[in-house]
Amino acid sequence: MSNHARRPAPNTRAGVSNVTRRRFIGRSGVALGGLALGPSFLAACGSDEETLDSGSGSGDVTQDTKSLYFASWPAYIDEETVALFEKDTGIKFNYTEEYNDNNEYFAKIQPLLSKGRAIDPDIIAPTFWMAGRLIGLDWVQKLPLDKIPNASNLNDNLVDPTWDPTGEYTLPWQSGFAGIAYNLETTGRELTSMDDLWAPEFKGKIGVLSEMRDTLGLIAKSLDIDISKPTAKSLQPALDLLAEKVDSGQIRSFTGNDYMDDLSSGSFAACIGWSGDIAQLSLDNPNAKFAIPESGGTLWSDTMVIPTGADGVDAAAEFMNYVYDPVNAARIAAFVQYVSPVKGVQDELRKMGGDSAALADNVLLFPSEESSKNLSSFGQLSDEDEAALDAAFSKIQGN
Amino acid sequence: MAGEGRKNGRFVPWALLSPGGLFLALFFLVPVWALARIALSTKPSRFEDPAFAWDFSNFGTALSDYGGQFGRSFLYAGLATLFAFIIGYPLAYSIAAYGGKWKDLLIGLVVIPFFTSFLIRTIAWTSILGPQSVVTDAFRGLPLVGDDFNFIGNMWSVVGGLTYNFLPFMILPIYVALEKIDFRLTEAAGDLYATPVAGFWRVIFPLSLPGVFAGSLLVFIPAAGDFINTRFLGTPKTSVIGSVVQDQFLVQLNYPVAAALSLFLMAIITVAVLIYSKLFGTEGLAA
């Protein structure tokens, strides 16, 4: 008897079948055809939820008065205030520092809010121009100002601002201004105007902000352009000057918050920077100085808004009322070291004594009347102008 | 019996391949398909979702407006791969050939610095090579070097940053390939009248090629998409395609063009890798 029956056929050891590469790809393709329908199902499932109409949310959504979710920027509130708010009001307060960048956050919320669906936070803290955009898109609701009596403590120069002319949608959280931040040791002299940034000895040691409105705003003001009514055309000279300085290598790079280390080390001689950053930096490095340029600085605010469909509107109102009390606002300002939008904070800081009292005299937190005249906010842009300026500014950054 | 073995075994390959295949399908093929859909869409307005419209113009825009950035990305990545090879191969060879009992420790020393975050290591370079650093000052003291000489803020600092950040990806595969080689082959080569150099070049090096191939891919592909190095060590004039994609997506909110750029990047890299692998041959990779 031969062994043919016992001997396994060639190429077919037990456990190995006749799957060839061609067969695998072919059969996978069929499976994938089925899988390709999967995402469409997912998308279809997603849009089955009810849409919420904009405007007041309290009509359609049951209000949760016992908890509050505030998505804000890093290092923007002290822990004591968070704890005290919870204690005084009994509202469970979820404060997160997830708002790192206006555009990033906008990209996160756009898929939901553009379809009329609610996002989780009850309050978010967009910068003024982003708040203006959200108002224009109807993605925020009117504040229940009748429940926020302390809103009358708002500083006069922030009432009915350009980004919220009726004052019904936003309340400023903190303000600040942008100007020239420089390292006195590296520059060897005090800087007072934007032209100082363009001095030949600082070539390759100048940084500017990737925040378009601050960088272009400062440059525009140095060219005598009115930034309270900006258009893509009126700002063209500022764009040209910026492009020229980038091309020549005078400006080394565009930075976000990350200019401070390089400024401290002297890698940057000077930057366009923010007042609060230097207020904090100068505590560690006395060489870090801030100057509002002679031609003027830009004033910005981060605002509190309530997104459409939020279910914690009453809790949000309580919080806004709480932080607009000068005592609480002073405590926050002592930690954050930006410009508080609340009247009476300077006196409260003096009452607190110690380091806080010293802050009451800090011009970066309380600019003098003279300096204040030199500060102005970048006006609202039309959608087309904003798109054009964003594109032009990005091109200068190399993108 | 042979027949039974055949029947039982038929589904085994499929079973073995399905976890990996499913993972790839879900996390690679589906996203690429979604990306292709977005790349062929138009946006009715800046803040709305894109609508699918078989719009091929996005690809045209991507290529025409950003050709410079594409070119620079591949140039920097190519140079970084070359420099990583020049630095990494001798190091891997020394450890593999002469490391002896210290081999593991030495390889560990190569890898340990890279446990720190990528971002921190890149930012550290701005301190080490910044305008105010000791190193830069020392260089400025040299003859022929001007007083305003700067290490950072030009293409070579970006390439240097890329080389540094991706060096272990070149060293480790080469080391692994070299480690498998029996170095007595060099003795054998010597017995056949080969000089040490010839022995290396004609015996050892070809055997290590799979490692070189893998290392080059592991350096080139991520380096081509990297934008962190140019952000901290470069200037707007050294911009690369990664930052364009991020900008188009986040700031301009132009998802279709961003998707088109991403697909182009993937396509170009795929073609480059296919050509490269044809030149090298991949049979040795499985060794």
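**Buried elements and a helix pair**

Student: In β12(A), which residue is the bridge partner of A:G297?

Tutor: This is a predicted model, in which local features need pLDDT of at least 70, side-chain atom pairs need 80 or more, and totals for chains, interfaces and linings use all residues. Residues are numbered from 1 along each chain as written, with chains lettered from A and ligands numbered from 1 in written order. Strands β10 and β12 (residues 375-377) of chain A run parallel and are joined by three bridges (strands are DSSP E runs of at least two residues, helices H or I runs of at least four, numbered from the N terminus; pairing needs at least two bridges). The partner of A:G297 in β12(A) is A:L375.

Student: How many bridges join β5(A) to β10(A)?

Tutor: The two strands run antiparallel. One of the links involves A:S175, whose bridge partner in β10(A) is A:S301. The number of bridges joining β5(A) to β10(A) is seven.

Student: Is β10(A) largely enclosed or exposed?

Tutor: Strand β10(A) spans residues 297-304. Eight of its eight residues are buried (20 or more other C-beta atoms within 10 Å), so the rest of the structure leaves β10(A) largely enclosed.

Student: How many C-beta neighbours does A:P293 have inside 10 Å?

Tutor: A:P293 occupies the loop between β9 (288-291) and β10 of chain A. Beyond its neighbours within four places in sequence, A:P293 is in contact (C-beta atoms within 7 Å) with A:G179, A:I180, A:S193, A:M194, A:L218 and A:S222. A:L283, by comparison, is 10 residues away in sequence and 22 Å away in space, C-alpha to C-alpha. A:P293 counts as buried because its C-beta neighbours inside 10 Å number 23.

Student: How many of the 11 residues of α12(A) are buried?

Tutor: Helix α12(A), residues 326-336, is mostly covered. Among the elements covering its buried residues are α2 (79-89), β5 (171-183) and α10 (275-284) of chain A. Just after the helix, A:Q337 takes a positive phi of about 65°. Buried residues of α12(A) include A:P326, A:N328 and A:R331, and their number is nine.

Student: What is the relative direction of α9(B) and α12(B)?

Tutor: The axes of α9 (residues 196-225) and α12 (residues 255-280) of chain B come within 11 Å and cross at roughly 165°. That angle (over 145 degrees) makes the two helices, α9(B) and α12(B), roughly antiparallel.

Student: Which residues of α12(B) do the contact residues of α9(B) meet?

Tutor: The α9(B) side comprises B:L209, B:F213, B:L217, B:I221, B:A224 and B:G225. On α12(B), they meet B:L265, B:I269, B:V273 and B:F280.

Terms used: Axes are lines fitted to C-alpha atoms, for helices over the stretch in contact, and angles run from 0 to 180 degrees between N-to-C directions. Angles under 35 degrees count as roughly parallel, over 145 as roughly antiparallel, 65 to 115 as roughly perpendicular and the rest as oblique. Two residues are in contact if their C-beta atoms, placed from the backbone, lie within 7 Å. A residue is buried if 20 or more other C-beta atoms lie within 10 Å of its own, exposed if 12 or fewer, and partly exposed in between; C-beta atoms are placed from the backbone.
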